[in-house]
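Subject: Structure handover

Hello,

Here is the structure we talked about. Please open it and keep it beside you while you read my notes.

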Amino acid sequence: MNTMTLDATGQAEPVQPKPLEKEAVDTKTKVRETVGKPFCDSAKLRMRNVNVFYGEAQAIHDVSLDIGRNEVVAMIGPSGCGKSTFLRCLNRMNDTIEGCRVEGELALDDEPIYGPKVDVVPLRARVGMVFQKPNPFPKSIYENVAYGPKIHGIASRRAELDEIVENSLRRAGLWNEVKDRLDKPGTGLSGGQQQRLCIARAIAVSPEVILMDEPCSALDPIATARIEELIDELRENYTIAIVTHSMQQAARVSQRTAYFHLGHLVEVNDTETVFTNPQHELTEAYITGRFG
Amino acid sequence: MEMHFDQHISRQFNEDLESIKTEMLEMGGMVASQVADAVDALANADSELAEKVLHIEEEIDRREMALDEHATLIIAKRQPAASDLRMVMSVTRIARDLERIGDEASKIAKMAIALTDEGTSPRGYTEIRHIAIAVRKMLNDALDAYTRFDVASAMATLAEDEQVDMDYRTAVRELITYMMEDPRSISRVINVLWSLRSLERIGDHAKNICEQVVYLVEGADIRHGHQKNLKNF
């Protein structure tokens with residue numbers, strides 16, 4: 001079954017149901033407690049004892065983590081460690097995956113994300129998302145950015161929309177490259193430009209948090225550098241959680257880094273600490289490319 | 001945390017790290033025997049041995065440059081992190097200290113040649129021997145601690161520098177008194193003083209090597225008296 005989910009701006013992302021294999025239990029280096037600094041004083045997102053199941057299989061084990069205001073938290077770990085699953089819990093992108101069950105406390109500004117009265121559409125306007133592959137709508141560049149504000153009723157008049165579109169494209173560092181061809185299809189842009197268009201689309205609805213799931217893995221080094229520069233600028237106004245396979249990227253863009261292993265949050269620490277002197281040997285093995 | 005530099009998925013990376021460590025320790029061995037020879041040349045007024053010490057100096061400089069180059073290539077190719085990064089950093093820092101120890105050994109060798117030409121000093125050889133034994137032990141122990149990633153031994157060796165500094169000051173005071181009593185000996189005694197000074201500096205460099213052992217293993221920078229950065233010790 002190929003389910004579809006809609007995020008803040010209604011952008012569609014096909015979701016493949018996760019395979020339900022049983023995890024190998026790592027007895028030698030069993031993770032009991034997260035080491036380092038999982039909590040912070042000014043938490044925008046607060047997660048406590050989060051467990052996620054896909055049917056019988058448990059994908060996330062008892063993860064507790066804060067993501068602070070104006071902070072970039074990078075989530076790293078080998079494939080299948082649960083970092084993307086965890087990220088997708090933060091704006092309930094896992095809701096539509098059949099058999100997926102999320103337990104524990106997850107709060108945005110102290111309001112429960114999984115509360116019974118929570119409407120996911122405004123939630124996803126507050127917690128936007130950028131995906132691994134740029135996925136612009138098959139519409140004009142202008143429409144790509146204007147769509148979210150329109151459906152969320154943030155702006156309706158052309159002048160207001162014009163302003164939002166220009167502002168968002170400027171903040172995404174794309175305005176100068178596209179200002180003369182706003183009516184051309186977004187799909188005609190280069191990969192890096194498309195990704196920045198998706199970021200512009202995400203910030204057009206003024207989210208408070210931006211979740212990024214490997215936003216640069218399909219981009220060349222120059223486009224990657226632009227996105228990373230952008231992440232740094234966006235941090236002034238937003239809270240950002242980024243999943244990345246590039247250790248150097250995590251080291252460059254984030255203030256704290258969280259290392260996931262087999263669904264456990266092994267270590268969270270200041271990024272500088274993680275990359276110079278990690279506290280847990282599993283973290284050390286992963287970031288230095290050793291056999292774990 | 002245990003130190004393992006042979007468990008990378010990339011075998012080449014294992015070899016690269018092993019290789020700079022070996023290069024550094026070889027350089028350490030050369031420098032240690034250079035110091036020993038320089039002190040022997042001074043004590044025995046052996047200008048031939050002193051010339052040999054001066055000759056090895058060029059080889060040590062060459063090795064320092066080669067080591068730096070290899071470390072730079074590892075950084076460029078591998079972007080090392082955590083203990084790997086600390087290994088690369090500590091090896092290059094130690095290489096610089098070793099090169100400077102080589103410089104000090106050369107200075108001692110030059111004094112040995114000067115003393116052979118001008119006639120031996122009437123005083124100071126006992127102090128030289130005494131301090132030389134202490135700093136040579138420090139240097140060997142420091143390199144040994146690095147080989148074994150042994151923080152406790154590094155900290156113990158590091159502490160010995162205080163005694164060396166104290167012995168150095170005592171020796172200087174004695175030699176000053178002697179020069180005041182016998183001004184004709186001043187130029188020769190000063191040569192001995194410079195050599196003592198070089199030995200004392202070698203002790204400082206050995207201490208720096210110990211600090212890099214701590215940095216490599218514990219990730220704590222304890223240079224310039226910041227020993228509180230090393231927790232639980």
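Cys89(A) sits in helix α1 of chain A, which covers residues 83–89. Helices here are DSSP runs of H or I with at least four residues, strands are runs of E with at least two, and both are numbered from the N terminus. Cys89(A) counts as buried because it has 25 C-beta neighbours inside 10 Å. The cut-offs are these: buried takes 20 or more other C-beta atoms within 10 Å of a residue's own, exposed takes 12 or fewer, partly exposed lies in between, and C-beta atoms are placed from the backbone. Beyond its neighbours within four places in sequence, Cys89(A) contacts Val50(A), Val52(A), Asn94(A), Val102(A) and Leu106(A). Contact means that the C-beta atoms, placed from the backbone, lie within 7 Å. His261(A) is 172 residues from Cys89(A) along the chain, and their C-alpha atoms are 17 Å apart.

A word on the source. This is a predicted model, in which local features need pLDDT of at least 70 and side-chain atom pairs count only at pLDDT 80 or more, while totals for chains, interfaces and linings use all residues. Residues are numbered from 1 along each chain as its sequence is written, and chains are lettered from A and ligands numbered from 1 in the order in which they are written.

Next, the sheet in chain A. It is open, has 7 strands and mixed pairing, and runs β3-β13-β12-β6-β11-β10-β9. Strands pair if DSSP finds at least two bridges between them. At the edges stand β3 (35–36) and β9 (127–130) of chain A; each has a single partner strand, so one side of each has no neighbour in the sheet. β9(A) pairs with β10 (residues 209–213) of chain A in the parallel sense, over 4 bridges. Val127(A) has Val209(A) in β10(A) as its bridge partner.

Now chain B. It has 6 helices and 0 strands. Its radius of gyration is 19 Å, close to the 17 Å that the globule rule gives for 233 residues, so chain B is as compact as a globular protein of that length. That radius is taken over C-alpha atoms, and the rule is 2.2 Å times the number of residues to the power 0.38. The C-alpha trace of chain B spans about 65 × 40 × 20 Å along its principal axes. Of its 233 residues, 44% count as buried.

Look at helix α6 of chain B, residues 186–218. Its 33 residues reach 48 Å from first C-alpha to last, close to the 48 Å expected at 1.5 Å a residue. The expected span is 1.5 Å times one less than the number of residues. α6(B) is mostly covered, with 26 of its 33 residues buried. Just after α6(B) comes Gly219(B), with a positive phi of about 70°.

How do the two chains meet? In all, 13 residues of chain A are in contact with 14 residues of chain B. On the chain A side, α10(A) gives the most, with 3 residues. That side divides into 5 nonpolar, 5 polar and 3 charged residues. Nonpolar means Ala, Val, Leu, Ile, Met, Phe, Trp, Tyr, Cys and Pro; charged means Asp, Glu, Lys and Arg; the others, Gly among them, are polar.

Last, Met75(A). Leaving out residues up to four places away in sequence, Met75(A) touches Lys83(A), Phe86(A), Leu87(A), Ala241(A), Val243(A), Ala258(A) and Phe260(A).

Best wishes

Conventions:
Contact = placed C-beta atoms within 7 Å.
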